Amino acid sequence: MILTGPEIFREWTSGRIKIDPFVPSQINPNSYNFRLGSRVAYYKNRILDPKVRQEILYVDIPAEGLILEPHSIYLGYTEETMGSDSYVPIIRGRSSTARIGLFVHITADLIDIGSYNQWTLQLHAIQPVRVYPGMLIGQVTFWCVQGEVTLYQGKYQGSKGPMASEIYRDFSEESAT
Amino acid sequence: MILTKTEIHREVENGNIAIAPFFPEQLNPNSYNYRLGPKLKNLHPAASLNEELMEEPATEIPAAGRLLEPGKVYLAQTLERIGSKKYVTLLMGRSSIGRLGLFLQLSADLGNLGEGHQWTLELTCVQPIVIYPNMVIGQVTFWKPKGEIMYYAGPYTAYSEPTGNLRPYGGVSP
């Protein structure tokens with residue numbers, strides 16, 4: 001079951017959903033519109049090897065916008081810190097964002113229950129796209145669960161700003177065991 | 001409703017969710033991490049919906065890794081057989097993989113109620129990326145449906161190899 005806009009508002013009021021800052025006008029009939037934070041990151045390397053820790057470089061998005069190029073993956077983040085111990089959040093782009101060929105996440109729309117972050121966005125433009133700081137770029141939905149809840153305690157908990165992939169840790173843990 | 005970690009585990013033990021092989025440590029708060037299977041196929045450069053055979057034979061992903069190039073679609077497979085006749089399965093990538101610009105599926109994340117098999121993954125990358133066999137690469141979630149249950153009767157669950165389009169002309173006779 002998906003929460004309606006009024007239910008998202010009610011559960012934000014009761015504290016079971018955290019969205020900070022929260023602006024009631026960003027509520028949709030069954031989702032909440034989130035904003036793009038003011039900087040993006042990109043990888044220093046062109047070829048990405050998951051076994052290797054990848055260095056990232058940051059660039060601030062100026063008020064006049066930043067053009068994202070199709071050949072690079074950019075890591076953005078939500079201006080809002082969001083999460084819930086009661087509902088599973090799922091994120092996606094707004095259709096207005098998709099209509100200009102911009103991916104807001106890459107095949108990873110699922111947020112763990114109990115994960116509180118400025119969520120990292122995986123920005124990918126099919127054609128060059130100009131993005132602006134604070135633009136309404138995507139939506140979050142909230143879903144009811146079946147079963148006892150185990151809260152997220154993973155490696156991205158509490159992250160602020162764009163976070164690079166930490167998958168290299170998988171391989172170092174594997175070789176350590 | 002989406003199943004939590006404990007509920008996925010319970011329903012695997014009850015036989016209502018098939019995940020094989022299954023390791024409890026691959027459970028997340030509301031999903032299960034699947035691994036990349038050993039086989040990979042390239043699509044022919046000019047694949048269209050109207051061709052019977054659009055992919056090249058499957059090859060093994062070397063233990064030393066395989067470099068994927070942007071602008072191509074590769075068909076891969078989950079290592080695990082995954083399915084459920086009680087819950088609807090959705091498939092996605094891990095955020096750790098999405099952050100590296102690798103798609104695990106292209107716009108088609110929805111599974112059908114029915115028998116399990118090794119799912120075909122549609123890989124495409126934004127920047128060149130190396131993949132390794134058995135790496136933990138994506139996640140599946142399980143959802144409780146509303147309504148009378150109807151099982152999948154299409155062609156794809158019969159295949160555990162990376163499988164290309166089996167519905168030429170979009171499944172409509174020319």
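Guide: A residue counts as buried if 20 or more other C-beta atoms lie within 10 Å of its own, as exposed if 12 or fewer do, and as partly exposed in between, with C-beta atoms placed from the backbone. The model under discussion is predicted: local features need pLDDT of at least 70, side-chain atom pairs count only at pLDDT 80 or more, and totals for chains, interfaces and linings use all residues. Residues are numbered from 1 along each chain as its sequence is written, while chains are lettered from A and ligands numbered from 1 in the order in which they are written. Helices (H or I, at least four residues) and strands (E, at least two) are DSSP runs, numbered from the N terminus.

Visitor: Is Thr107(A) buried or exposed?

Guide: Thr107(A) belongs to the loop between β9 and β10 of chain A. Its phi is positive, about 60°, although Thr107(A) is not a glycine. Because 29 other C-beta atoms lie within 10 Å, Thr107(A) is classed as buried.

Visitor: Does Ser107(B) count as buried or exposed?

Guide: Ser107(B) also is not a glycine and has a positive phi, about 65°. The loop that holds Ser107(B) runs between β10 (102-103) and β11 (114-125) of chain B. Since Ser107(B) has 8 C-beta neighbours inside 10 Å, it counts as exposed.

Visitor: Over how many bridges do strand β7 and β10(A) pair?

Guide: Strand β10 (residues 117-125) of chain A has 9 of its 9 residues buried. Two strands pair if DSSP finds at least two bridges between them; β9 (residues 102-103) of chain A is joined antiparallel to β10(A) by 2 bridges, with Phe103(A) opposite His124(A). Strand β7 (residues 74-84) of chain A is likewise antiparallel to β10(A), with Leu75(A) opposite Gln122(A). The number of bridges between β7 and β10(A) is 6.

Visitor: Which element gives the largest share of the side of chain A that touches chain B?

Guide: Residues are in contact if their C-beta atoms, placed from the backbone, lie within 7 Å, and the contact takes 38 residues from chain A and 36 residues from chain B. On the side of chain A that touches chain B, the elements giving two or more residues are β10 and β13 of chain A. The largest share, 3 residues, comes from β10(A).

Visitor: In β1(B), what is the bridge partner of Val145(A)?

Guide: Strands β13(A) and β1(B) run parallel and are joined by 2 bridges. Within β1(B), Val145(A) has as its bridge partner Ile2(B).

Visitor: What arc do the buried residues of α1(B) cover?

Guide: Helix α1 (residues 5-13) of chain B has Lys5(B), Glu7(B), Ile8(B) and Glu11(B) buried. They lie on the same side of α1(B) because their arc around the axis is limited; the arc is that of the directions from the helix axis to the C-beta atoms. Its value is only 165°.

Visitor: Which strand gives the largest share of the core?

Guide: A nonpolar core is a set of buried Ala, Val, Leu, Ile, Met, Phe, Trp, Tyr and Cys residues joined through C-beta atoms within 7 Å. The largest such core has 79 residues, and those touching the most other members include Leu123(A) and Ile129(B). Its largest share, 5 residues, comes from residues 74-84 of chain B, strand β8.

Visitor: What is the omega of the peptide bond that joins Asp20(A) and Pro21(A)?

Guide: Pro21(A) sits in the loop between β1 (17-20) and β2 (27-28) of chain A. The bond from Asp20(A) to Pro21(A) is cis, with an omega of about 0°.

Conventions:
Two residues are in contact if their C-beta atoms, placed from the backbone, lie within 7 Å.
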